[in-house]
Every structure is written in structure tokens, then in C-alpha cells.
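Thank you all for making time this morning.

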Amino acid sequence: MTLDFKKLQLPTGELLTDEATRKDYGQNKFTQEIINGNKPAAVIVAKSISDVQATVKFANQQKVAVTVYGSGTSIVNGSAGQDGGLVLKLTELNRIIEINTADQTAVVEAGVLNGTLDKEVRKQGYFFAPDPGSKPISTVGGNIATNAGGMSSLKYGTTKQSILGLKVVLADGTIVETGGKCFKNNSGYDLTDLLVGSEGTLGIVVEATVRILPIPFGNPTTGLATFPNMKTLSVAVEKISASGLRPSMLEALNKTSIEALDALEGTNMGKNGAALLIFQLDVTPVGALTALKELLEQNNALHVSVTEDPQYAKKIVKIRQDYYEAEAAYGRLIVEDVAVPLSKLPELAEFVDNLKFTSPVKAFLGGHAGDGNFHPNIAIPQDAAVVPQDVKNAIEKIFAFAQSLGGTISAEHGIGDLKYGWITSQLGQDIVTLQRKIKHVFDPNNILNPGRKV
């Protein structure tokens, strides 16, 4: 269908229809699989909420797909333009409208970078808790779309726990506001929670009221502990989580991940064990450090190193933040994201560690062990046109095994294109049907990111 863009009246925005731009926005640059054939009809760069309204009204009239695009950091191709559809880019909506330390809130437009917001509120003694690996480059709107997690989600929750209210443009162009600045609000159905994690399928988030938290008093305690393997590490994580110490970070890395980081950072972490636990307590009660060391040693830790030096702590945290960069040195990285109940984490770790490959790939395992969320990553040859079949088979085995343990195929990266086929087995047909009914209420013509999420 040829779209008549003369009917699209953008108050301030920009319409891009050149071939190169359309092709570029047909796939998210961080998605590991090459998606062929997607070429949107146009990219609209919104510079005001009125531009967003005009775009969805046009799309609704033309019955054409519209996909919201932030920084394009989706791992699952969730914000790539669909073939013949529209891409609505929100990066120009990047104002921090208000920082209110008295209310412990901030109001931001969807295109504000997570890292930018965090830096600004830290100047006033606060921090923005969601910290995905893409923190410096991902937008708050994108974090909301996928309910992004990260290293601090163990203590502070995923993005959902930091969102108090939203301003949303619906499929017909109507603006609605959900929630507000109250920490508690039980006056109706919780539409804010429903919209967080909906991947742009129910409405377009243009503005958010977020919760900011005071920076904890004192210096955090940060450390490293090594273990014989990921299974014993996972058992220790379960014990720490039940101890009442309430760490703010429990991050795991397997042997190949440690080796990759040693190569990148010039460190020698691999000499002390085959699995590494990075931990942090941002509040350290009296006796907590001794108790933590004893707990680690009682649960087969080979070596424990702890520091309160803030500079060394930053270095340790940076090592974990460089996880993907270190692994990407070995090829094009296939990044996965599964989670299981905490008691099942040792079983998942052992299962993934025992996977075998015949093609020339390198497998890694790490992630947010404290909340049962592992990222099994596989580096394939950089010039590979397709993902090797044994890698695809391994990913399917991981998904099926995680589900068999009562887990999920997506903890924080979303569904997008790549995991859509697993939704029915994950949720069951009755829940899928119910969710599609909800989608129809919000978006009767199915224009908002159709074919994704549900």
C-alpha cells in the first residue's frame, strides 16, 4: 500500500523517506539475528507530543503499523520498523522537565537517556535505580517499554518499581495520564503497571514520572568470590539471599566470561576459580561483612576479596559492566535472557554449562544471579550470515529447560520478534487470548507494534 504522506500533518516533526534511512530502521542494531525484509515506509522524528499524536492518527486512519523507536538497543528487535510501516523516533523528546527532591520524583520525556537522568539526580544526592547494561545509551522510554532490569534490580526492582505515572498517547491520538506522584495509589486499575513492559503495543509513552532514591549513607562494601563452578556459586547465592544481609548486587560470571574479561581488562581473575561472584552491599550494618565472608566460605568459596575503597569498588563494578564488550571480541554475540525461581538457579547453571557445540562458537554464562536471571551468550563467527543450527538448538533447549523449572524465556529484554513464537508455551492459550483482548481495547485497529509481545 502506498501511503499519502500529504495527509500527515506534523506540527514540528521531520518525515524521512529516503531508502537508506528506511533500511537502517528496519532492524535494531543490537539484535543478534539478521532480520531480512523489514523496510518501513517512513521514519518520523517527533519533536513534540503533538507530532506523536499526528503520527498515530495518520497510522490509525491508514491502518498501518507504527513502531516507537528510542535508542534502538533492543536485543530482540522489538523496536525495529515493520515492513511498510512507520517508525516513530522519540529521541528528540529528551527534556528533564522536573527534579523534585522533596517528593523524591522526577518528570522526564521518553527520549531522556537513563544515564543522563541518573547523573543529573546524583548532583542532588539521589539516584535513578534502573541500571540495565545499556544504561548510558538507552532511553527511559525504552526501559519502560521492556521493564528493563540490571544489576541493582536485586534490591531496587526492575524499571516498574521506579515508575509512578505515565503520559501516554493512545492509538487514536488521545492523551491519557496514569498514576501520579503518590507512592501509593489504589484508586483504579493499575494502568501504569500494565503499560510498563508492554513494548509499545498498548500506547506510546511520551512522558514519565519516576521515583528517585536518596544515595545510601556511607561507602558500599564490594567484593569478589570465586567458586569451583557455576552450580556451587548458585547454591551460595541462594544462601546469601536468605541470610537477611540484603545485598544490592549479586552478579555471576562463568569461566569463559572471566577469561574474556581478563583479556579485555588486563586482569587475572581467572587464576582463583572457575566461577566468579561480584557482590555489593550499599548499606553495611555492623557485623554484616564478617557474616558475609563466613557464609561464602561455608558454601565452597575458594577465594574472597572485599573492599570499602570506593575507587576499587568502581573498578569491580566496571568489570561486570564490560561483560558484553569482552565477549563480543570473540564474534557476533547472541545474547539470551532467562530466569528461574532462585532455588532452581543451580540446575539452570549446570544445564547451560554442559551444553556442547559442533560449530566454531564460544559460549558464556553470567548475569544477575541474585534474582535468578542468567544471560547465556554465544559468540558466533562475525561473518556468519545466519545463526548456526546447533546454536539455535541450544537456545531452544535453554528456553524449554527454564520453562520446565517454572522459569521464563524473558526476564528483562522483552519479546520483540525473536521470542514471539514462545509466548503461548510460556503463558498458556487462555492468558494469551486474554492479553489479546486487552490489546484490542487499547488498539482496536492493531497498529501499535503488531505481531510483538502478545
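Strand S8 (residues 163–169) and strand S9 (residues 175–179) run antiparallel and are joined by five bridges; helices (H or I, at least four residues) and strands (E, at least two) are DSSP runs numbered from the N terminus, and two strands pair if DSSP finds at least two bridges between them. Within this pair, Val168 has Val176 of S9 as its bridge partner. The hairpin has five residues between its strands, and Gly173 there takes a positive phi near 95°.

Before I go on, a word on the source: this is a predicted model, in which local features need pLDDT of at least 70 and side-chain atom pairs count only at pLDDT 80 or more, while totals for chains, interfaces and linings use all residues. Residues are numbered from 1 along each chain as its sequence is written, and side-chain values use heavy atoms, with hydrogens and water left out.

Let me turn to an open sheet, in which four strands follow the order S1-S2-S4-S3 with mixed pairing. Its edge strands, each pairing on one side only, are strand S1 (14–16) and S3, and neighbouring strands are turned by 25° against each other on average, direction ignored. S1 pairs with strand S2 (residues 42–45) in the antiparallel sense over three bridges, and Glu14 has Val45 in S2 as its bridge partner. Across S2, S3 and strand S4 (86–89) lies helix H2, which runs at about 165° to S4; axes here are lines fitted to C-alpha atoms, for helices over the stretch in contact, and angles run from 0 to 180 degrees between N-to-C directions.

In the loop between helix H2 (49–62) and strand S3 (66–69) we find Lys63, which has a positive phi of about 55° although it is not a glycine. Is Lys63 buried or exposed? At 53% relative accessibility, Lys63 counts as exposed, where exposed means over 50% relative accessible area, buried under 20% and partly exposed in between (1.4 Å probe, protein chains only). Asn446, in the segment after helix H15 (429–442), also has a positive phi, near 55°, and with a relative accessible area of 40% Asn446 is partly exposed.

Next comes helix H7 (residues 230–241), whose 12 residues reach 16 Å from first C-alpha to last, close to the 16 Å expected at 1.5 Å a residue; that expected span is 1.5 Å times one less than the number of residues. At the start of H7, a side-chain oxygen of Asn229 comes to within 3.1 Å of the backbone nitrogen of Lys231. The buried residues in H7 include Met230, Leu233, Val237 and Ile240.

Leaving aside neighbours within four places in sequence, Phe227 is in contact (heavy atoms within 4.5 Å) with residues including Leu233, Ala236, Leu277 and Leu296.

I will finish with Asn373, which sits in strand S19 and counts as buried at 4% relative accessibility. What lies around Asn373, if we leave aside neighbours within four places in sequence? Its contacts are Asp337, Val338, Ala339, Gly367, His368, Ala411 and Glu412. Val338 is 35 residues from Asn373 along the chain, yet their C-alpha atoms are separated by 5.8 Å. The side chains of Asn373 and Asp337 are joined by a polar contact of 3.0 Å, a polar contact being a pair of N or O atoms within 3.5 Å; within protein, one must be able to donate a hydrogen and the other to accept it, and residues adjacent in sequence count only if both atoms are side-chain atoms.
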